[in-house]
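Subject: Structure handover

Hello,

Here is the structure we spoke about. My notes on what turned up in it follow below.

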Amino acid sequence: MAHSYIPETNGISMKMYDNIPKEVTNIVVTGKSGAGKQPRIDVLVDEFDLQQLSTGNIFRTYLGKFNDYGFDGDLSQFWDDEEECFLTDEEISKELDTDDPGVILGMKAKYFVDRGLFVPDYITNELFNSYFGRRDYRHQVLDGYPRTLSQAKFLLKLLEEQNTDIDFILWVENEDQKIIERTIKRRICPDCGKVYHLIYAPPPEGKCEECGVEVIQRSDDTKEKIRSRLSEFKEKVVPAMEFMEEHGISIAKVPGHLEEFTPENVRRSVLEAVEDIYK
Ligand SMILES: [Zn+2]
């Protein structure tokens, strides 16, 4: 694998992290929504030559597959009200007239999303499994999964079945108050999706520098919604991570808030936290 722990920047060689293995199988990254996971994920992807697997992207991909397939019938025909489950994949495949498993999974996700319901764990697990398996259950950073105890149980069983591993969990810590302050000042370009922050990355004259369009606040970034995501983290995600730890997966905790936010500081704090678990 092509990477080194002694990157040369302007001729200055940086600290070595001798205890960190050169290769890892998979890593889970967790943290409250808005804690600052992405810059830490970027470090891991870069250091260990991994690919990021985000559940948000998985959902978008499968919903997109189903939408592209262009079925406009009523989805409730695929749901068995008495048994409270979907028909078998075989039956669905026949009705939809496709044997593309991606389209079938997309339909299942859309069924819940359309009804404003939480996607149940068994569907999330199925979506996750199909994606994770595309790269042989290896060399990935899991982002946004597992988020519940039952997902964590599914994951551990899957690791065993596929003879693969999670090397460690990187937990990005941040205080609720800091997250609320950061998130409510976040703005996004409705056209290109570029993210701004009124203090850290202000849009010039309130407009996107790429598109010239006025930036807006995402409907998910209100105080009420942030608080509800924070309590969901405590109630669901924390027990999932504790369960993984009880089953032998170490947790490396890293600060999501740095006094001086530079790429080198982010990298150093991540690698120091990882090194601590290998000491
Ligand atoms: Zn834009």
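In β8, Phe168 is the bridge partner of Ile27. This is a predicted model, in which local features need pLDDT of at least 70 and side-chain atom pairs count only at pLDDT 80 or more, while totals for chains, interfaces and linings use all residues. Residues are numbered from 1 along each chain as its sequence is written, and side-chain values use heavy atoms, with hydrogens and water left out.

Strands

The helices and strands named here are DSSP runs numbered from the N terminus, with at least four residues (H or I) for a helix and at least two (E) for a strand. Two strands are called paired if DSSP finds at least two bridges between them. "Buried" stands for under 20% relative accessible area, "exposed" for over 50%, and "partly exposed" for values in between, with a 1.4 Å probe and protein chains only.

The pairing of β3 with β8 is parallel and has 5 bridges. β8 also pairs with strand β11 (residues 250-255), again in the parallel sense, over 6 bridges. Within that pairing, Val172 has Val254 in β11 as its bridge partner. Most of β8 is covered, since 5 of its 6 residues are buried.

β3 runs parallel to β7 as well, joined by 4 bridges, and Asn26 is found opposite Gln140 in β7. Strand β4 (residues 51-54) is another parallel partner of β7, over 4 bridges; here Gln52 stands opposite Val141.

How are the two faces of β7 placed, covered or open? Both are covered: Gln140 and Leu142 are buried on one side, and Val141 and Asp143 are buried on the other. In a regular strand the side chains alternate between the two faces of the sheet.

Salt bridges

A salt bridge here is a side-chain nitrogen of Lys or Arg within 4 Å of a carboxyl oxygen of Asp or Glu. The whole structure holds 16 of them.

One of these joins Lys108 and Asp89, with 2.7 Å between the closest N and O atoms. The pair links distant parts of the chain, as Lys108 belongs to helix α4 (residues 101-114) and Asp89 to helix α3 (residues 89-96), 19 residues apart. Lys108 is buried because its relative accessible area is 5%, whereas Asp89 counts as partly exposed at 37%.

Asp221 and Arg218 also meet through their side chains, at 3.2 Å from N to O. Asp221 has 0% relative accessibility and therefore counts as buried; Arg218, at 34%, is partly exposed. Both residues belong to a network of salt bridges that links Arg186, Arg218, Asp221 and Arg229.

Lys279 and Asp276 form a further salt bridge, at 3.5 Å from N to O. Lys279 is exposed, with a relative accessible area of 71%.

Surface patches

Patches are built from residues with over 30% relative accessible area and no salt bridge, joining like charges within 9 Å and nonpolar side chains (Val, Leu, Ile, Met, Phe, Trp, Tyr) within 5 Å. Accessible areas come from the Shrake-Rupley method with a 1.4 Å probe, and for residues only the protein chains shown count as cover. Lys and Arg count as positive and Asp and Glu as negative, without His and the chain ends. The charge is placed at NZ of Lys, CZ of Arg, CG of Asp or CD of Glu.

Glu23, Asp42, Asp46 and Asp49 make up a negative patch. Glu23 sits in the loop between β2 (12-13) and β3 (26-31) and is partly exposed, at 49% relative accessibility.

A nonpolar patch consists of Leu198, Ile199 and Tyr200, which together have about 350 Å² of accessible area. Ile199 lies in the loop between β10 (195-197) and α8 (223-246), and its relative accessible area of 53% makes it exposed.

Backbone points

Most residues other than glycine have a negative phi, and most peptide bonds are trans. The peptide bond between Tyr145 and Pro146 is cis, with omega about -5 degrees. Pro146 is in the loop between β7 and α6 (149-161).

Asp97 has a positive phi of about 60 degrees and is not a glycine. This residue is in the loop between α3 and α4 and is exposed, at 65% relative accessible area. Asn163 has a positive phi too, near 55 degrees. Asn163 is placed in the loop between α6 and β8 (168-173) and counts as exposed at 65% relative accessibility.

Regards
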